[in-house]
Amino acid sequence: MKFNILMTGAVFLVIACGGPAPKSTEMVDYEQRRADLNSNAVKERFPELTHDANAAFKKAVDAHEDNEPELALHYTRIAAMKWRTADALSQSQDAQDSTVAAENRVKIAEDELKDAQRRKQTAIDSLAQAKQIKELEGKLVKDEKARKVNVVAQKVRDGMAMEATRHAPAELAKAEGSLKLAQEAVTTGKLKEADRLADLANLDADALLIAVKPKFDAEKKERDTDARLRALLEKSGAIPGAKGKIVQRGFFLTMRGTFEPGKSEIKADQTFAADRVVELAKEFPEFKLAIEGHTDNQGRKDANLTMSQNRAQAVLSYLAAKGIDASRMSSTGKGDTEPVADNRTREGREQNRRVDIVFVRP
């Protein structure tokens, strides 16, 4: 009772001095929460919730200045509830992003394991091939008259080095059989017959190389491309607010929060992320870039389509201005036709408002 009388007297004293009472603990706590290190991320991810929270807190401040403490407390609690909700959703998204990053690291590890297993098998096959090649080399004909047989033997070795046992086993078997006949003719001194058989074996050896080389080159190119895609995935982790994944089409980099609502100019605080994309594009020049804009389903479809196209073009123009060849890029607006989340929820709509940058597999 004595405390209440003292507090009432203090309030009247403050009023008599011409100013409002000190801010409540709830108001001070809200201001501190709004000023902490995570506040920028919360505001960027959930602008509507944080805007509502700040609007409620403004009413609390106005009520406080008008010496209406109960009304100020009411609006402060509303503001705190909305801000805590946005903060909790932001932490949930951070947790989800960490999970995705962990899954990406697992995928990289799995791919590297598969690649190591493939290299191990290749080494085993190479040992077997080396043994066969050594056997072939031991049979090379030294006689100048048998030069054509030696040429055929070299072609067969080349085919084996390109893993013909996997890529063209039938052609390899035929070429080896023809070569063996030509070598036997030379060994037995039937040089005329050896010359004819060498010509036939040469045709079979050429057919072997024609069959095996495209498959060997294609497999090597695919392995090299997969390794580059994994490198892309790993390096994309340094781009704030972006998510990357490897798909059949190539590498997908999804960026959100790049634009203000209703606008198609890249936000000033998002140029850092865009500059990291420029660095990736320069480091991986073999990939063409397909830039695709997406929106949620709010508003007219034709307006959404136009907005998504303008945003995709804005990203393309930014990359081009930073030195990425425009002929290497394309921009497409897809409006709300390819949602990745439920448009019935605010969080789902925020996920659908995005720009996908696809590093297209060559």
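Trainee: Is T337 buried or exposed?
Mentor: Start with where it sits: T337 is in the loop between β4 (329-333) and α12 (346-352). Helices (H or I, at least four residues) and strands (E, at least two) are DSSP runs, numbered from the N terminus. Buried means under 20% relative accessible area, exposed over 50%, and partly exposed in between (1.4 Å probe, protein chains only). T337 has 58% relative accessibility, so the word for T337 is exposed.

Trainee: Before we go on, what kind of model is this?
Mentor: Residues are numbered from 1 along each chain as its sequence is written, and side-chain values use heavy atoms, with hydrogens and water left out. Local features need pLDDT of at least 70, side-chain atom pairs count only at pLDDT 80 or more, and totals for chains, interfaces and linings use all residues, since the model is predicted.

Trainee: What is the mean pLDDT of the protein chain?
Mentor: pLDDT is the predictor's confidence in each residue, from 0 to 100. In the protein chain, 89% of the residues reach 70 or more, and the mean is 86.

Trainee: How many helices and strands does the protein chain have?
Mentor: The chain has 362 residues, and 35% of them count as buried. As for DSSP runs, the count is 12 helices and 5 strands.

Trainee: At what angle do the axes of α2 and α4 cross?
Mentor: Axes are lines fitted to C-alpha atoms, for helices over the stretch in contact, and angles run from 0 to 180 degrees between N-to-C directions. Helix α2 covers residues 25-35 and helix α4 residues 47-65, and their axes come within 12 Å. The crossing angle is roughly 145 degrees.

Trainee: Which residues of α2 and α4 make the contact?
Mentor: Think of the two sides in turn. From α2 come M27, Y30, E31 and R34. From α4 come A53, N54, F57, A60, V61 and H64.

Trainee: Where does E48 lie, and how far is its C-alpha from that of R346?
Mentor: E48 lies in helix α4. With a relative accessible area of 38%, E48 is partly exposed. Along the chain E48 and R346 are 298 residues apart, yet their C-alpha atoms are separated by 9.1 Å.

Trainee: Is A146 buried or exposed?
Mentor: A146 lies in the loop between α5 (69-138) and α6 (147-161). From C-alpha to C-alpha, A146 is 6.8 Å from V186, and the two are 40 residues apart in sequence. A146 has 3% relative accessibility, so the answer for A146 is buried.

Trainee: What is the phi of N67?
Mentor: Most residues other than glycine have a negative phi. N67 lies in the loop between α4 and α5, and N67 is partly exposed, with a relative accessible area of 33%. N67 is not a glycine, but its phi is positive, near 60 degrees.

Trainee: And E163, with its positive phi: is E163 buried or exposed?
Mentor: The phi of E163 is about 60 degrees, although E163 is not a glycine. E163 is found in the loop between α6 and α7 (164-167). Its relative accessibility is 10%, so E163 counts as buried.

Methods: Contact = heavy atoms within 4.5 Å.
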